[in-house]
Amino acid sequence: MFARAVLRSAGPMRQSIRGYATEAPKSSSSTPWIVGAAAIGAGAAGYTFLGSNKTSAEAAPKPSEDAAQAAKSVPAAKAFLGGDQGFLDLRLAEVIPYNHNTKKLRFELPEKDQVSGLNVASAIITKYKGPQHDKPVIRPYTPINDEDEKGFVDLLVKVYPNGPMSEHLHSMTPGQTLSMKGPIPKYPWSANKHEHITLIAGGTGITPMYQLIRAIFKNPEDKTKVSLIFGNVKEEDILLKEELEKIENEYPQRFRAFYTLDNAPESWPYGKGFITKELLKDVIPDPKSQNIKVFVCGPPGMYKAISGAKVSPTDQGELSGILKELGYTKEQVYKF
């Protein structure tokens, strides 16, 4: 177990970070015992032990238990079906202030027992047409709640000056509705698809990265290593830091988060300034490493500097910027 690396300068971190990036996962000596115990427990559930005076009929699950198990095995209905499904008008149930310019908004799904229908990675699009608009405003958002949670979706929304959708969302009150559609497919994830992924995020670009992180670390079969480089303007702008630190503390051998601020206070113990070539060179696995992937999501200026912009939702565009200078290929990079 190691302590979180501190980004005071890029140079001294190289040895420890490179070791993390290429280090093979360590096996746990307790695993066989756990598997064996689970197998014994599973076997015991279906059989009567010698010496027991219970008959097989008495030991068998009751009909009500069978029904409960069957209900659990039936997939939950999905609210967002994609394809030709139109927009759904979802009711705003709750508004939770998050920081000085961000709110969490909880929208109810049409049915309480529905899940959103999003997969990893995917998003929804929102639609709003105000009296001052000639045509509807369309904006994508990645919900921050787990895809298996029923009855609602949570959006983390930062308000931008003259941002027609974010300003509208921040003006909404519980009971009002917003039109949404999805899922909008992004990068199809499956367990152990890559040995190591690096997530480069700026501002609200953390939300699709958090969706990936959640999916990886809630799946006990997925052993992917994850490095996150997260840039913000000020400390109070960092979103989901508590959630990220919880995962980092729980999986210290597989997840590291590196924070850097444009305007860092003197006491800030992590990175200062923009995301630079030196920082990325130290944090990301070498481009010649096998089976790695780099994901980028943030404001236009960050895309331009790091990877180049994508052309459209279906065209990633050419790779440019720092990642190209460091030797990464277009195939190794995905732009959200």
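**Close-up views of a predicted model**

**View 1**

**View 2. Where β11 meets β12.** Strand β11 takes in residues 292-297, and three bridges join it to β12, with the two running parallel. Pick out Phe 295 and you'll find Tyr 334 of β12 standing opposite.

**View 3. The largest nonpolar core, with 55 residues.** Ile 200, Leu 280 and Leu 323 are the residues that touch the most other members of this core. Helix α6 supplies the largest share, eight residues. Both domain 1 (88-185) and domain 2 (196-335) put in at least three residues each. Zoom in on Leu 280: setting aside neighbours within four places in sequence, Leu 280 is in contact with Ile 200, Ile 229, Ile 275, Ile 306, Ile 322, Leu 323 and Leu 326. Apart from this core lies another one, of 21 residues, including Ala 79, Leu 109, Val 137 and Leu 169. As a general point, nonpolar side chains in soluble globular proteins tend to be buried together.

**View 4. An antiparallel sheet of six strands.** This open sheet has the order β4-β3-β6-β1-β2-β5, and its pairing is antiparallel. At the edges stand β4 (137-141) and β5 (152-158); each has a single partner strand, so one side of each is left without a neighbour in the sheet. From one strand to the next, the twist averages 40°.

**View 5. Strands β3 and β4, with helix α5.** Five bridges join β3 (residues 122-128) to β4, and these two strands run antiparallel. Look for Lys 127, which stands opposite Ile 138 in β4. Helix α5 (residues 164-171) lies across β2 (102-108), β3, β4, β5 and β6 (177-185), and it runs at about 80° to β4.

Conventions. Residues numbered from 1 in each chain as written. Predicted model: local features only at pLDDT ≥ 70, side-chain atom pairs only at ≥ 80, totals over all residues. Heavy atoms only, no water. Pairing = 2+ DSSP bridges. Helix = DSSP H or I, 4+ residues; strand = E, 2+ residues; numbered from the N terminus. Core = buried A, V, L, I, M, F, W, Y, C linked by side-chain atoms within 4.5 Å. Buried < 20%, exposed > 50% of the residue type's maximum accessible area, 1.4 Å probe, protein only. Domains from an automatic or database assignment. Contact = heavy atoms within 4.5 Å. Axes fitted to C-alpha atoms, helices over the stretch in contact; angles between N-to-C directions.
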